[in-house]
Amino acid sequence: MIDLNFLSYEFMRNALLAGLAAAVLCGIIGIYVILNRIVFISDGIAHAAFGGIGLGYFLGYDPLAFGIVSAVLTAIGIGMVSTRARVSEDTAIGVFMATGMALGIMLLTLSQGYARDLYGYLFGNILAVTRSDVLLILTLTLIILALVFLLYKEFLLLSFDPVYAEAIGLPVQALRLLLLGMVAFSVVILIKIVGIIMVIALLTIPGAISRRHMKGLPAIMSGSIFLGAVFVIIGLLISYELDVPSGATIILTAAACFFLSTVLSR
Amino acid sequence: MTEGFVKEKALDKVPENMDKIVSIRDLWVCRAEHAVLESISLELFAGDFLGLIGPNGGGKSTLLKVMLGLIKPDRGEITLFGLPPAAARSHVGYMPQKTIFDSSFPVKVLDVVLMGRYSRKGLMRRYGHEDREAAQRALQAVGMQDRADREIGALSGGEQQRVFVARSLVSDPQLLLLDEPTAGVDSAQQTDFYDLLCHLNRDLGIAIVLVSHDVTAISTYVSKIACLNQRLYYHGSRELTSADIEKAYGCPVEMIAHGTPHRVLREHD
């Protein structure tokens, strides 16, 4: 069997912690993304974050922090556009997404030694998660957990029936921006783990499977967290043992489970 | 059970001006220099059941939104229970035009009804025992108590509609605003639904404003009718003259003005 020696490596411990935090985020935020039908927005935010990552890299600061800032700004931008619609929302997302990617690639190329890191951001490398990354990821996860705990009934109302919610006085616009902001945080964290290209899979697959088999939001969220953790751990172990890319392994594990669950639930 | 509901309401602090619950004076709403609502005046009293009819785009939903405090009038005054509309929300129940939701949305009927308690609870405060009891009572009032633990998507259209009425009732309102609540429900269920509204109005004393296209059906149930097309045609009664209707709809409308039920037969082409 797999020996547990791998836990004696710090990079493996970091990877495991980051992965478990990511699972918690996917489990909770992913469900809201599915229920509010903001999958495309979330993907747009992830891609736009690349511009910030590139800028941070170029200037020699922490790319992850810059990525978070640009993701949040994009989230707010998209959220504003969708209410004061002169441009349709999906057009706006398309523009943000491509601009972010283009900026990111440009800035990374202009920096030294970009190739290895570019690959890491696009496809993820959980084994490259550092101790400070882990601290940042855990902090963000705790903040998001606290927000969801405090605003659970508000987010449920917003997700189920925004028209009614607004009519009875829920600050719908502020909550939607907050939700997009939480998506932005989550997405940047997931970029570290599975990369920009595959973020959306990890955000939605655990929720999509859990939703099929569980009843009620809390149960679906718990199931989704559990599945996310399983995918990350299995993916991590396989990638460690076979020396294959971790992001792709995690996503393939999730996808296999998704198709299996689709076939079985027929 | 009906009694419990009434008793609960009596214990609530009711603002002053108990009798006059809605007062609107010379109210105007303009969009892009174009009047959507023009010089609207309307008074509603406890126990009223007002049917609000009028052509599409005549401002019916806008007027409801003003009453909910979602749209600020450009001119004029409006108070509900002596308060500005946004401050009176906990006394008002609202049921929007056809609630569109994902039929597999993972939420139980009871939790849907609880959503209506938000206007009483406010941000970040959890629903407690009292809220759950109110939700159970509201479900009982609409005859859906045995559906409390079902998922909302598993109910029929008519049952879902009742649940949404329960959601608007759960804050123990003295006024219900219903925006075309029967859209997309078959006619047998519509009749049941109107009977339910009559029960809420007569037995629980809840004032109702019912926005509808369906003049024929509602005129049998409501106690007052108003017709809205930018201006409001209303005489504080069930009577509307054919001149009112003609002005409101902008074309002659054949109608039987007296006798029950009042009927608008068809619009002139």
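Which strands make up the open sheet of six strands in chain B, and in what order? Good morning, everyone; let's work towards that one together.

First, some housekeeping. This is a predicted model, in which local features need pLDDT of at least 70 and side-chain atom pairs count only at pLDDT 80 or more, while totals for chains, interfaces and linings use all residues. Residues are numbered from 1 along each chain as its sequence is written, and chains are lettered from A and ligands numbered from 1 in the order in which they are written.

Now, chain B. It has nine helices and eleven strands; these are DSSP runs, H or I of at least four residues for helices and E of at least two for strands, numbered from the N terminus. Of its 269 residues, 43% count as buried, meaning that 20 or more other C-beta atoms, placed from the backbone, lie within 10 Å of the residue's own.

Back to my opening question. The order is β5-β6-β7-β3-β8-β9, with mixed pairing; strands pair if DSSP finds at least two bridges between them. At the edges stand β5 (92-95) and β9 (231-234) of chain B, each with a single partner strand, so one side of each has no neighbour in the sheet. From one strand to the next, the twist averages 20 degrees.

Let's look at two of the pairs. Strand β3 (residues 49-53) of chain B runs parallel to β8 (residues 224-229) of chain B, joined by four bridges, and Gly51(B) stands opposite Ile225(B) in β8(B).

Finally, where do the chains meet? On chain A, 21 residues are in contact with 20 residues of chain B, contact meaning C-beta atoms, placed from the backbone, within 7 Å. The elements of chain A giving two or more residues to that side are α7 (152-160), α8 (162-167) and α11 (217-242), and the largest share, five residues, comes from α7(A).

Methods. Buried ≥ 20, exposed ≤ 12 C-beta atoms within 10 Å, placed from the backbone. Contact = placed C-beta atoms within 7 Å. Axes fitted to C-alpha atoms, helices over the stretch in contact; angles between N-to-C directions.
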